[in-house]
Amino acid sequence: MRAVELRAFGGPEGLVPTQLPDPRPGPGEVAVDLVAASLNRRDWWIRKGGRAELPAVLGSDGAGIVSAVGAEVEDVEIGDEVVIYPARDWGDSEHRSGPDFAILGVPGQGTYAERIVVRADQVRPRPPAWSWLEAAALPVAGITAWRSLVRYAAAGPERTILVPGGAGGVATFVIQLGAALGARMVATTSSPAKLERLRTIGATDGADYRDPDWPERLGPVEAVIDSVGGAAWPGCFRALAPGGILVCFGDTDGEVGEVPIADLFFAYFRIQGTTLGSPREFEALLTHCAQAAWRPVIDSVFPLEAAADAHRRLDAPDRFGKVVLAIDESRL
């Protein structure tokens, strides 16, 4: 099968097209012929030097067609069009993942390939009326946004939620999902053009993050859903209303954030970390998507063999939304 391997840490040039043996499903597993996959910041982190044995096939997001079924599989059939839940062994608790939790792609094979074998309980029907590209963009960003909004930010009418770096892949999901759930969504971004695009997907207001007064312009807000970290946190706390919550699922601008400790207790602030979401939350997200009018924002599409170029686009300052790999272009 065609695949792309990460063979050296560092720049995108470490991603090399190759041929690998077709994986075959064992008991309780299914093989999925991938039509499309999408990139995530996790892929970037691993490529830059995150923990991985090389060579490795990256990729946590994918959608495709079941092509083989292992023994003891009852509810999945060859020909099913599916989207993949991007993890395994979450555990029974909804509050946190368990000790065996692992995200798809590294240490196992990821979705930068024509075929992948996953457990049968990881596949779900592709959302009706969603394109293959949209379905492939959904899993990691969608479930991260859903858990952040529903479980922690209580998104709904009369709630204002701030999204720093609103043009990012997951951030666009947060804005669209939050607006669909009835919340008032506001965001920071880096240009007037991006701000105008954010308004078209559900943001009611926004500001340039380089404006020193942006927290006062956009606040007070009941919740912040943040993947920026670093320099964004002081402004986020200035924008938070008393009793507000900062939900964090990433640190693209730095691993260390400043916390005003006195404000933390005097203003009754809360800080909540989160990663991905449970299979039950993924099912709830898919139920929502089956009726939703919104669709993922796709910045660009690259053929599988151009995964290195896709990673370069992931770093582009003008990127807006998800970067997707077209694997079976005949079906798109």
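A salt bridge here is a side-chain nitrogen of Lys or Arg within 4 Å of a carboxyl oxygen of Asp or Glu. Keep that in mind, since we'll come back to it after a look at the whole protein.

First, some housekeeping. This is a predicted model, where local features need pLDDT of at least 70 and side-chain atom pairs count only at pLDDT 80 or more, while totals for chains, interfaces and linings use all residues. Residues are numbered from 1 along each chain as its sequence is written, and side-chain values use heavy atoms, with hydrogens and water left out.

Let's start with the overall build. The protein has 10 helices and 17 strands; these are DSSP runs numbered from the N terminus, with helices being H or I of at least four residues and strands being E of at least two. Its radius of gyration is 20 Å, close to the 20 Å that the globule rule gives for 332 residues, so the protein is as compact as a globular protein of that length. (The radius is taken over C-alpha atoms, and the rule is 2.2 Å times the number of residues to the power 0.38.) Along the principal axes, the C-alpha trace spans about 55 × 40 × 35 Å.

How much of the protein is tucked away? Buried residues make up 56% of the 332, where buried means under 20% relative accessible area, exposed means over 50%, and partly exposed is in between (1.4 Å probe, protein chains only). The chain also folds back on itself: of the contacts with a separation of 6 or more, 70% are between residues 24 or more positions apart. A contact means heavy atoms within 4.5 Å.

Now back to charge. A search of the whole structure turns up 25 salt bridges. One of them joins R2 and E305, whose closest N and O atoms are 2.5 Å apart. This pair links distant parts of the chain, 303 residues apart: R2 sits in strand β1 (residues 2–6), and E305 in the loop between β16 (298–303) and α10 (307–314). R2 counts as partly exposed at 22% relative accessibility, and E305 is partly exposed too, at 38%.

Another salt bridge pairs R47 with D315, with 4.0 Å between the closest N and O atoms. Here R47 is in helix α1 (residues 41–48) and D315 in the loop between α10 and β17 (322–326), 268 residues apart. R47 is buried at 2% relative accessibility, whereas D315 is partly exposed at 40%.

Next, R313 and D299 meet in a salt bridge at 2.7 Å, N to O. R313 lies in helix α10 and D299 in strand β16, so this pair ties together parts that are 14 residues apart in sequence. Elsewhere, salt bridges that share partners join E94, R147, R151, R280 and E281 into one network.

P139 is found in helix α3 (residues 139–152) and counts as buried at 0% relative accessibility. What does P139 touch, leaving out residues up to four places away in sequence? The list is D61, G62, V83, I84, P86 and F282. P139 and V83 are 56 residues apart in sequence, with their C-alpha atoms 7.6 Å apart in space.

The other stop is T189, in strand β11 (residues 184–189), which is buried with a relative accessible area of 4%. Beyond residues up to four places away in sequence, T189 touches A167, K194, L195, L198, A207, D208 and Y209.
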